[in-house]
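Reader: I would like to learn how to read a helix and the strands around it. Please take me through one case.

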Amino acid sequence: MTNLLPQPVVAAPTAGEFALTDATRIRFDASLRDAAYLLQETLRRATGLPVPIVEGDAAVSLTRDAAMDDEAYALSVDAAGVRITAGGARGAHWAVQTLLQLLPPSIYRRGSATSGWSVPAVRIEDAPRFAWRGLMLDVARHFFPVHEVLRLIDQLAMHRLNVLQLHLTDDQGWRVEILRHPRLTEVGAWRSGSQRGAGPDASFDPTPHGGFYTQDDLREIVAYAAARGVTVVPEIELPGHVQAAMAAYPEIGHARESEPWTRWGINPHALNVEESTIAFFCDVLDEVIDIFPSELIGIGGDECKKDEWRADAATQERMRSLGLSSEDELQSWFIARIDEHVRSRRRRLYGWDEILEGGLVEGATVASWRGSAGAVIAARRGSDVVMCPEDTVYFDYRQSDSPDEPIPTGLVTTVSSVRAFDPVPAVLVGAERDRILGGQGNVWTEHIDSARRLDYQVFPRACALAEALWSGPVGLDSFDARLSVHLERLDAAGIEYRPASGPHPWQKIPGVPGKHYDRAERAAEIARLTANLE
């Protein structure tokens, strides 16, 4: 058994091995340059071997085959060398990640031993089941510096996850520099404190919190990710989850707030629907689009409280003039106006399943988080879907019923339940099923304020997610055994994952309450919340 994770479609061990030595060379087709240089960098760092890149004969080769799908690859190892054939740049990246897993786990740490490195002989043919294999990181609730985001990208690439959605703005913080509206970060990036814990017994921590990414920071993140086969999808929340923006520019909302929100939960404020506010966010999105080359641009659309719209005479008059009969239709109208601008920049909208309320914006991709109801409706209407149901792939949720879980919130989502995740709702048929692009895990960071806590919440559940989205049911029976070996790789890479035995002592946070969901009660609540999507 090759102990690879995710499990390839075909992995057939053969006799022999290839030894890495001072004589080992790498050559590559020009379109596979990034993958070749990443392989060289990793081998040099871990083994101390020179592993030069050459144009002539080399024992390690990376070749493109245009007849293969972009993410598909074949990897062959024998005593003579390593041959990688890939459909495109991404396929070459995934082949390199597979090759690294064939080496001892110490390949993931810096070393000095220049001998004794060998790759077992094997023939691998592989391609992913789903095109979208992602993770959403919320950097608005707690800010993560650039180097920590880059570290996470390395972890995604290691597991052949190919999308990082960056949740850049929310009520509690605005994290992206906008040159035309500088107060968004001057005011919106900083709050005076934070809620500590969850539920009715939560307390308040008066330690100020903040930070933001300059546009050059974000370009660095995008470029670093692209060089590892990962697309970064930005998200700018609207028309709800906007207190940080409203604190900076009160004229875009209905209420006046002096700073970003210091509490967690669903904020009562929403943007107003004036033309000037639409223009403001078109300005914002223009600068975001200039930074991020991703086809999809996230605009949130979730959990928008509409009480201020109901109470505001000007908003009600605007609804009448537009011929709209409900606040849900008003939200759909607002998002459609934003969509019109985004499409003029040759991009498409990506939003949470609430964007279905009041009518789906044509061409938008839906992230279905409240179960599968949104996915089914969107797919039947001809829209693409990314599945991220909270009861399965919310990695901020607790991992056991143990009271030792740090700030235990939400439902219990285990490694085994994530590995069993199938993004395609069973009720979809034919072409509707093809609308499911794949899935992603979501990491909301109200209770995650450090890289150590992030590691603990994400891993090893992200390992299970990666295999569910890459391999599907293939390798399910051997997953636990392969994961036990894979944890040695996580150790070597310095990933402080949650062990199967439970939290380490440093991860326990005594006296900080969580908020538990009962699974049946939460399912009933989600059913109620999604009943109006039709």
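Reader: How does the span of helix α3 agree with its number of residues?

Author: The expected span is 1.5 Å times one less than the number of residues. Helix α3 (residues 146-158) has 13 residues, so it should span 18 Å, and its end C-alpha atoms are 19 Å apart, which agrees. Helices (H or I, at least four residues) and strands (E, at least two) are DSSP runs, numbered from the N terminus. This is a predicted model, where local features need pLDDT of at least 70 and side-chain atom pairs count only at pLDDT 80 or more, while totals for chains, interfaces and linings use all residues. Residues are numbered from 1 along each chain as its sequence is written, and side-chain values use heavy atoms, with hydrogens and water left out.

Reader: Which residues of α3 are buried?

Author: Buried means under 20% relative accessible area, exposed over 50%, partly exposed in between (1.4 Å probe, protein chains only). In α3, the buried residues are Val146, Val149, Leu150, Leu152, Ile153, Gln155, Leu156, Ala157 and Met158. Their cover includes β7 (132-138), β8 (163-167) and α5 (215-226). Just after α3, Arg160 has a positive phi of about 60°.

Reader: What does α3 make with β7 and β8?

Author: A crossover is right-handed if, with the strands pointing away from the viewer, the path from the first strand over the helix to the second runs clockwise. β7, α3 and β8 make a right-handed β-α-β unit.

Reader: How many bridges join β7 and β8?

Author: Strands of a sheet pair through backbone hydrogen bonds, either parallel or antiparallel. Here two strands pair if DSSP finds at least two bridges between them. β7 and β8 pair in the parallel sense over five bridges. Gly134 has Val163 of β8 as its bridge partner. β8 also pairs with strand β15 (residues 231-238), again parallel, over five bridges. There, Leu166 has Pro234 as its bridge partner.

Reader: Which way do the residues of β8 point?

Author: Val163, Gln165 and His167 point one way, Leu164 and Leu166 the other. Five of the five residues of β8 are buried.

Reader: Where do β7 and β8 sit in the barrel?

Author: The closed barrel has eight strands in the order β7-β8-β15-β16-β17-β18-β19-β21, with parallel pairing. β7 pairs with strand β21 (residues 436-443) over six parallel bridges.

Conventions:
Contact = heavy atoms within 4.5 Å.
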